[in-house]
Amino acid sequence: ANQSARRSPLVWEAQLAQCSIIWFIHIPKTGGSTVRDVLKNTTSNRVFFYDLNPSKSNRHVYVGHGSRHNWHQPDLLALAQRDGRKIIVDAETPLADLKHRGYPWLDKTCFFFPLR
């Protein structure tokens, strides 16, 4: 596949068809901003990008280990089921911390992150 096809959210969405929520664990300084920008700028009507990271002036979520997430607002699974789209989430929250903080949709979520 060519470079743009490998980066296409449509390709990723097709490969992760069994998941309602696709969680991009944004690890600082690994090229994650580039991945986030590709995902955020998708024109597909089959995916919805949702950024759980706070504004740039208040980026301490990774260090805070997800302690500021409220899983009832928004209800990501309900969004996916209502619209029939994949929800692509961008957040700097480690997987172990999602489990520890009570993330309710582990069985409906596929996780990925860049390695550098």
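The structure holds one salt bridge. It joins the side chains of Asp 37 and Arg 36, with 3.6 Å from N to O. The model is predicted, and the pLDDT of the protein chain averages 75. The protein chain has six helices and four strands.

**Salt bridge**
- Arg 36 is buried, because its relative accessible area of 10% is under 20%.
- Asp 37, the partner of Arg 36 in the salt bridge, is partly exposed, with a relative accessible area of 36%.

**Overall layout and confidence**
- Along the sequence, the elements of the protein chain come in the pattern α-α-β-α-β-α-α-β-α-β.
- The protein chain has 116 residues, of which 40% count as buried.
- Among the contacts in the protein chain with a separation of 6 or more, 79% are between residues 24 or more positions apart.
- A pLDDT of at least 70 is reached by 72% of the residues.
- Confidence is highest in S4, at 88, and lowest in helix H1 (residues 3-7), at a mean of 50.
- Where pLDDT is low, the predicted coordinates should not be read in detail.

**Nonpolar cores**
- The largest nonpolar core has 15 residues.
- Ile 21, Trp 23, Leu 76, Ile 87, Val 89 and Tyr 103 have the most contacts inside this core.
- At least two residues of the core come from each of strand S1 (21-25), helix H5 (76-83) and strand S3 (86-91).
- The greatest share comes from H5, which gives four residues.
- Leaving aside neighbours within four places in sequence, Ile 21 is in contact with Leu 76, Leu 77, Ile 87, Val 89, Tyr 103, Trp 105, Lys 108, Thr 109 and Cys 110.
- There is also a second, separate core of nine residues, and Cys 19, Val 35, Ile 88 and Cys 110 are among them.

**Aromatic pairs**
- A pair of aromatic rings is described by the distance of the centres and the angle of the planes.
- The structure has six aromatic pairs.
- Trp 23 lies in strand S1, and Tyr 103 lies in the loop between helix H6 (95-100) and strand S4 (109-112), so the pair ties together parts that are 80 residues apart in sequence.
- Trp 23 and Tyr 103 are both buried.
- In another pair, the ring centres of Phe 48 and Tyr 50 are 6.3 Å apart and the planes are at 40 degrees, so the pair is tilted.
- Phe 48 is partly exposed, with a relative accessible area of 29%, and Tyr 50 is also partly exposed, at 24% relative accessibility.
- Trp 23, Tyr 103, Trp 105 and Phe 111 are linked into a cluster by ring pairs.

**Ser 44**
- Ser 44 sits in the loop between helix H3 (32-40) and strand S2 (47-51).
- Its relative accessibility is 15%, which is under 20%, so Ser 44 counts as buried.
- The side chain of Ser 44 reaches the backbone nitrogen of Arg 46 at 2.9 Å.

Conventions: Residues are numbered from 1 along each chain as its sequence is written. Side-chain values use heavy atoms; hydrogens and water are left out. Buried means under 20% relative accessible area, exposed over 50%, partly exposed in between (1.4 Å probe, protein chains only). A polar contact is a pair of N or O atoms within 3.5 Å; within protein, one must be able to donate a hydrogen and the other to accept it, and residues adjacent in sequence count only if both atoms are side-chain atoms. A nonpolar core is a set of buried Ala, Val, Leu, Ile, Met, Phe, Trp, Tyr and Cys residues joined through side-chain atoms within 4.5 Å. Contact means heavy atoms within 4.5 Å. A salt bridge is a side-chain nitrogen of Lys or Arg within 4 Å of a carboxyl oxygen of Asp or Glu. Rings of Phe, Tyr and Trp (its six-membered ring) pair if their centres lie within 6.5 Å; planes under 30 degrees apart count as stacked, over 60 as edge-to-face and the rest as tilted. pLDDT is the predictor's confidence in each residue, from 0 to 100.
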